[in-house]
Amino acid sequence: MHLARFPRLALGQFPTPLEALPNLSRYLGGPTLYIKRDDNTGLASGGNKTRKLEFLLADAVRQEADVIITQGATQSNHVRQTIAGAAKLGLKTQVLLETRVDKFGEEYQRSGNILLDNLLGGTIVEHLPAGTDMQLAMENLADNLRAQGRRPYVIPGGGSNAIGALGYVACAEELLYQSSQQRLRIDHIVHATGSTGTQAGLLSGLEASNSGIPVLGISVRAPKARQEENVYALAARTWQLLGARGELDRARVAVNSDYVGEGYGLPTAGTLEALRLLARLEGILLDPVYTGKGMAGLIDLIRKGQFKQGENVVFIHTGGSAGLFGYRQLLEQQAAQ
């Protein structure tokens, strides 16, 4: 792979740490666990979208855009990082938010990522109901801005297109280098999967490197079959953009959707347990939407014997702890039990 041929900006702090989780590993009595700290990418409290934005915003600059358009759920980590990255470049951001979660009251609607979106200077154009065609809504907004003489650049939800997925091709390269330096054999990689860009990029990068390392995405929203098809479709486009030889093997796409619970943004009992265990055993903050569900899935699968002693499992921490503040009441209720 020759990623240097693609336009890229320096927005994050890389490489992010690859750390052992000794206390959690002992507690669970299964494989040896490690965590890739992409919550430490540095851009406005960090997160996985920073990797994608290094390529996406570079493409926006190449096209001489003067305004960035993107979308996400109310407590979107992607939106927060996009606004921050655009601010570093002197660009304004206009955002459409989808109301996927209507619980948790005013704090959910005004604190956490929403608070940071406003502080960073983003313009929230509209709150749209769940189920809205958000891509179409962004294209309509872009058309309106073009009619005003502006030059908008549209970034899909999660930064998840082939250009954005290059960020996690780069992460795959980084992770392989770190594992070599640490003399660490990685047997499995696990992470939360939503808009698919992280999994598609990791899969493309690892397969193009002939690493043989399997990647398991723990879905936070979609059923298994749909999520796997979405991951494969984007991974195939990323593979083509990379110019990799042959075709990406569809059988390498693996998603588990058993931990979605009641839906996107609604923490399960397992999510809350994962948040507590990582905080109290390792001093690491997960988030209630993505990494909490991803780690809940990993913990349960360890207890079921899917991952065993003697194996090394890396969990990708995709960030999002700013969203915890929108769930204050739920977290306080859980802590009191």
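Biologist: Hi! Which residue does UniProt mark as "modified residue: N6-(pyridoxal phosphate)lysine"?

Modeller: The UniProt record (unreviewed entry) puts that feature at Lys49. UniProt positions follow the numbering used here, feature names are shortened, and annotations may be inferred rather than shown by experiment. This is a predicted model, where local features need pLDDT of at least 70, side-chain atom pairs count only at pLDDT 80 or more, and totals for chains, interfaces and linings use all residues. Residues are numbered from 1 along each chain as its sequence is written, and side-chain values use heavy atoms, with hydrogens and water left out.

Biologist: Thanks! Is Lys49 buried or exposed?

Modeller: Lys49 is buried, at 11% relative accessible area (buried is under 20%, exposed over 50%, partly exposed in between, with a 1.4 Å probe and protein chains only). Lys49 is in helix H2, residues 49-62; helices (H or I, at least four residues) and strands (E, at least two) are DSSP runs numbered from the N terminus.

Biologist: And what does Lys49 touch?

Modeller: Leaving out residues up to four places away in sequence, Lys49 touches His78, Gln81, Gly158 and Ser195. Contact here means heavy atoms within 4.5 Å.

Biologist: Where is the "active site" annotation?

Modeller: UniProt (unreviewed entry) has it at Ser76, in the loop between strand S3 (67-73) and helix H3 (77-88). Ser76 counts as buried, with 7% relative accessibility.

Biologist: Switching topic: which residues touch the most other members of the largest nonpolar core?

Modeller: Those are Leu24, Leu33, Val190, Met295, Leu298 and Phe307, out of 36 residues. A nonpolar core is a set of buried Ala, Val, Leu, Ile, Met, Phe, Trp, Tyr and Cys residues joined through side-chain atoms within 4.5 Å.

Biologist: Which helix gives the most to this core?

Modeller: H11 does, with six residues. Domain 1 (3-47 + 161-336) and domain 2 (48-155) both contribute residues, so the core lies between them; the domain bounds come from an automatic or database domain assignment.

Biologist: How many residues of H11 are buried?

Modeller: Eleven of its 13 residues are buried, among them Met295, Leu298 and Ile302.
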